[in-house]
Amino acid sequence: MDENIEISFGGRLHKFPIINGTEGEKAIDISSLRKKTGLITIDTGFKNTGSTKSSITFLNGEKGILRHRGYSIDDLTNKSTFLEVAYLLIYGELPNLSKLKTFKDNITLHTLVHEDVKGILDGFPSKAHPMGVLSSLVSSLTAFYPKSLDPNRSVEEINGTIIRIIAKLPTLAAWAFKNRMRQPLVYPNNNLDYCSNFLNMMFSLPTHDYKINKIVSNALEKLLILHIDHEQNCSASTVRIVGSSHASLYASISAGIAALWGPLHGGANQAVIEMLEEIKKDNCNVKKYIDKAKDKSDQFRLMGFGHRVYKNFDPRARIIKDAAEEVLNSLGINDPVLDIAKKIEKIALTDQYFIERGLYPNVDFYSGIIYRAIGIPTDMFTVMFALGRLPGWVAQWKEMRENNEPIGRPRQLYTGNISRKYVPINERKN
Ligand code: SDX
């Protein structure tokens, strides 16, 4: 039976259909609202507004559920590789052995970037933040692959564009780091798996090759899967709206990287470690910082805490917290900031301020501790988030294009000056 909602306005009753998602969620379809009533809706930050229908990722913020194409994040993290989950998100099904091999082989064949990228890289000062370098280098791919500019090309050509960005982002990310360190660039090694290849490009030097440590590459694999997609978050929505103008995949991903950079979004993983280091320097005075986070007159926020959707534990944070313990123990590292993080979690989760607002550790709260343990420098943390989120952005862009969605162009409520007479400059008083 079709469900409707009725709005009484202007002396009339207006009906709008209720539509249902496959997980029992319901939405009011207001696509005819302005035509029927002249009204628009306002929802700053889109806290109650859906921008699209999607079959990629399902979140239940109250129950702390995260599933990709129906598979739980726990199963995918414990049983699949990153490229396997990337395939699932982009093409909709888990691949069989031969499809996964073809996918991996195609990616391996495209890990090299054009030599002219080095010229672009040289233009960045060593203190350039790697996220800014990465966003620029991804956008520069349109220069080397001009056919990628047209998102309406054949399925095969779009797939080639997708394979190239999945293959080349680790190379571009590692080269952004080498630029920062003013160290010689390391080329991809096609004998290594995706994560080991990235670590090798990051940490090998002319004096010695990086020694692949399975604990480290497995931890990285797990982290990349945990970051792979998260429905209509800020950066995924950015990728979709940029792509909705028929901008290329590379231009849309470049915009997504810029959106992820913000400290309220993916930039939080860098901000968490900087916060934990500040607390460590301040005699580990955790209570002082919890009180600052609760003080409305203080700008300070507990970085890594809170989430727009999860009002319970972020399921990814739970997995990453366990992984952080495991990796530090396996590597024999005793990092005091892990203890500070656990102390913050313990105190905050019994404090009414956090409980009332449903503020729990999110994906960024513990991830930096693992990145640090495996040798990733702090200002590369959000680059790691981008590496993980790439297949999700690609899947969201591809779904938006395949659904032939219209260009995204929200309305507004104008609150400025009403019409007024023009005043020549010599008559203006103020
Ligand atoms: C990511 O969307 C996604 O899915 C994102 C992500 C993904 O995978 O793509 O999960 C990745 O971005 C995780 C979030 C990383 N950001 C941080 O850790 C930064 C710190 N957290 C916040 O700034 C905040 O919690 C947000 C941005 C994450 C969510 O903000 P909302 O949903 O807009 O909530 P809000 O700012 O309106 O806060 C509601 C209340 C407010 O208090 P009151 O006005 O009701 O009194 O909670 C308070 C806020 O002041 N609050 C916090 C807080 N977060 C919210 N108070 C102290 N410390 C915090 N961290």
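1. Gly 64 takes a positive phi near 65° in the hairpin of S4 and S5, a hairpin with four residues between its strands. The model under review is predicted, and every point below should be read with that in mind. S4 and S5 are antiparallel partners, joined over four bridges. Across this pairing, Asn 60 stands opposite Ile 65 in S5.

2. The next hairpin is made by S5 and S6, with two residues between the strands. Its turn holds Arg 69, whose phi is positive at about 50°. Strand S5 covers residues 65-68 and pairs with S6 in the antiparallel sense over two bridges. Arg 67 has Ser 72 in S6 as its bridge partner.

3. Taken together, these strands make an open sheet of three, ordered S4-S5-S6, with antiparallel pairing. Strand S4 (57-60) and strand S6 (71-72) are at the edges and have a single partner strand each, so one side of each is left without a neighbour in the sheet.

4. Another strand pair is found at residues 3-9 (strand S1) and residues 12-20 (strand S2). The two strands run antiparallel and are joined by seven bridges. Glu 6 has Lys 15 in S2 as its bridge partner. Two residues lie between the strands of this hairpin, and Gly 10 takes a positive phi near 60° there.

5. On aromatic residues, the structure holds 14 aromatic pairs. One of them is Tyr 91 with Phe 103: the ring centres are 5.9 Å apart and the planes stand at 90°, so this pair is edge-to-face. Tyr 91 belongs to helix H3 (residues 82-91) and Phe 103 to helix H4 (residues 97-108), so the pair ties together parts that are twelve residues apart in sequence. Tyr 91 has 28% relative accessibility and therefore counts as partly exposed. Phe 103, at 4% relative accessibility, counts as buried.

6. A further pair is formed by Tyr 371 and Phe 381. Their ring centres are 5.4 Å apart and their planes are at 45°, so the pair is tilted.

7. A single aromatic cluster is formed by Phe 305, Tyr 353, Phe 354, Phe 365 and Tyr 366.

8. Lys 36 lies over the face of Phe 16, at 4.9 Å from the ring centre. Arg 318 lies over the face of Phe 313, and there the figure is 4.8 Å from the ring centre.

9. The second largest pocket holds about 570 Å³ of space. It is lined by 33 residues, and the closest to the pocket centre are Thr 81, Asp 193, Tyr 194, Ser 196 and Glu 221. Which elements give two or more residues to this lining? They are H4, helix H7 (155-181), helix H8 (194-203), helix H9 (214-226) and helix H14 (315-331). H9 supplies the largest share of the lining, eight residues. Sorted by class, the lining of this pocket has 13 nonpolar, 13 polar and seven charged residues.

10. How many cavities of 30 Å³ or more does a search of the whole structure find? The search finds one. The largest cavity contains about 30 Å³ of space. Its lining consists of Lys 147, Ser 148, Asp 150, Pro 151, Ile 158, Thr 161, Leu 249 and Trp 397. By class, these lining residues divide into four nonpolar, two polar and two charged.

Note on methods: Residues are numbered from 1 along each chain as its sequence is written. This is a predicted model: local features need pLDDT of at least 70, side-chain atom pairs count only at pLDDT 80 or more; totals for chains, interfaces and linings use all residues. Side-chain values use heavy atoms; hydrogens and water are left out. Rings of Phe, Tyr and Trp (its six-membered ring) pair if their centres lie within 6.5 Å; planes under 30 degrees apart count as stacked, over 60 as edge-to-face and the rest as tilted. Buried means under 20% relative accessible area, exposed over 50%, partly exposed in between (1.4 Å probe, protein chains only). A charge sits over a ring if NZ of Lys or CZ of Arg is within 6 Å of the ring centre and within 35 degrees of the ring normal. Two strands pair if DSSP finds at least two bridges between them. On a 1 Å grid over the protein atoms alone, a cavity is a set of points where a 1.4 Å probe fits but cannot get out, and a pocket is an open set with protein on both sides within 12 Å along at least five of seven lines; lining residues have an atom within 4 Å of a point. Grid points are joined across faces, edges and corners, and a volume is the space filled by probe spheres set on the points. Ala, Val, Leu, Ile, Met, Phe, Trp, Tyr, Cys and Pro count as nonpolar, Asp, Glu, Lys and Arg as charged, and the others, Gly among them, as polar.
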